[in-house]
Amino acid sequence: MNIQDKVIIITGASSGIGQATAKKLARDGAKVALAARRKDRLDELKKDIEEAGGTAIAVEVDVTKRDDIKKLVQETSSAFGPCDVLVNNAGIMPLSYMKNMHVDEWLKMVDVNVNGVLHCLAETLPDMVERKSGHIVNISSVAGREVSPGGAVYSGTKFAVRAISDGLRQELSPKHNIRVTCIEPGAVETELTDSITDEELMEDFKSSMGELDFLDSEDIANAIHYAVCEPNGVHINELQVRPTSQG
Ligand SMILES: NC(=O)c1ccc[n+]([C@@H]2O[C@H](COP(=O)([O-])OP(=O)(O)OC[C@H]3O[C@@H](n4cnc5c(N)ncnc54)[C@H](OP(=O)(O)O)[C@@H]3O)[C@@H](O)[C@H]2O)c1
């Protein structure tokens, strides 16, 4: 299945999509490095994976800190060997109306969702280029294709992730044999909305989401699994996955 013993780093593995992806990939024989800030959650997940017969390490990481990412890549390499697949999944979504001036949240979103992705790329790409082998999976969003009120900055970060993915693909795939996949989920039931503090936005957000049947994290884990498991010569560039009830 092109996944046995692959070394896969997953950021944002302490909950939601990252957690489900780690379980799914480890179940099929990948060696997974779990990264996020909540180490207790990562330790619990590592235990679950090992009890199911899989292999994992847990590394406490803030993706906005380059030194943390250096440590993550070093620990992964010492435990399992060089990184074959990077799943750039860590992200936050404190949606707000621009007029309400949640400036710190705007900047934090850029730092986690964009700079976090860049730090991880900076620490893994040189080795992939040298080995002429690797796979980058970036998690954008349908919000990386369309903007809605309250989502200006979040969408900005996810448009950026999609642009970075496309640029990476053009530069790295034919010349360096590195695959790049951009995953664009619709609405998924996770902890992502917990960071919303704009009460005016939250009221509107709740009523706009009212009729939606959210996806489960496992639905997105399946899409990531599909892209990773395809043979090396097959390059899945983009996948949008929405609930059927989402327009
Ligand atoms: N849920 C959706 O509807 C949806 C739709 C489209 C795209 N997405 C994208 O999917 C990705 C995963 O989100 P999710 O829905 O699974 O939400 P989630 O359950 O809140 O997971 C977010 C993950 O990111 C980690 N994270 C946040 N800030 C971090 C930091 N500074 N350093 C390291 N890790 C950090 C969190 O871990 P710690 O707090 O432990 O650090 C957590 O593991 C995000 O990029 C999100 O934008 C989600």
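In α4 (103-131), the buried residues are Glu 105, Met 109, Val 112, Asn 113, Gly 116, Val 117, His 119, Cys 120, Glu 123, Thr 124 and Met 128. Buried here means that 20 or more other C-beta atoms lie within 10 Å of the residue's own; 12 or fewer makes it exposed, anything in between partly exposed, and C-beta atoms are placed from the backbone. An α-helix has 3.6 residues a turn, so residues three or four places apart point the same way.

A quick word on the model: it is predicted, so local features need pLDDT of at least 70 and side-chain atom pairs count only at pLDDT 80 or more, while totals for chains, interfaces and linings use all residues. Residues are numbered from 1 along each chain as its sequence is written.

Back to α4. Its buried residues pack against β1 (7-11), α3 (66-80), β4, β5 (134-139), α5 (152-176) and β6 (178-185). Helices (H or I, at least four residues) and strands (E, at least two) are DSSP runs, numbered from the N terminus. With 29 residues, α4 reaches 41 Å from its first C-alpha to its last, close to the expected 42 Å, where the expected span is 1.5 Å times one less than the number of residues. There's a kink of about 40° at Thr 124, shortly before Pro 126; that bend is the angle between axes fitted to the seven residues ending there and the seven starting there.

Most residues other than glycine have a negative phi.

Gly 91 counts as buried because it has 26 C-beta neighbours inside 10 Å. Leaving out residues up to four places away in sequence, Gly 91 touches Gly 12, Val 112, Asn 113 and Ile 139, a contact being C-beta atoms within 7 Å.

What about the ligand? It's surrounded by 31 residues, and Gly 91 is among the closest, along with Gly 12, Gly 16, Arg 37 and Arg 38; a residue is near a molecule if its C-beta atom, placed from the backbone, lies within 6 Å of it. Helix α1 (residues 16-27) gives the largest share of that shell, three residues. By type, the shell divides into 14 nonpolar, twelve polar and five charged residues.

Notes. Nonpolar A, V, L, I, M, F, W, Y, C, P; charged D, E, K, R; others polar. Contact = placed C-beta atoms within 7 Å.
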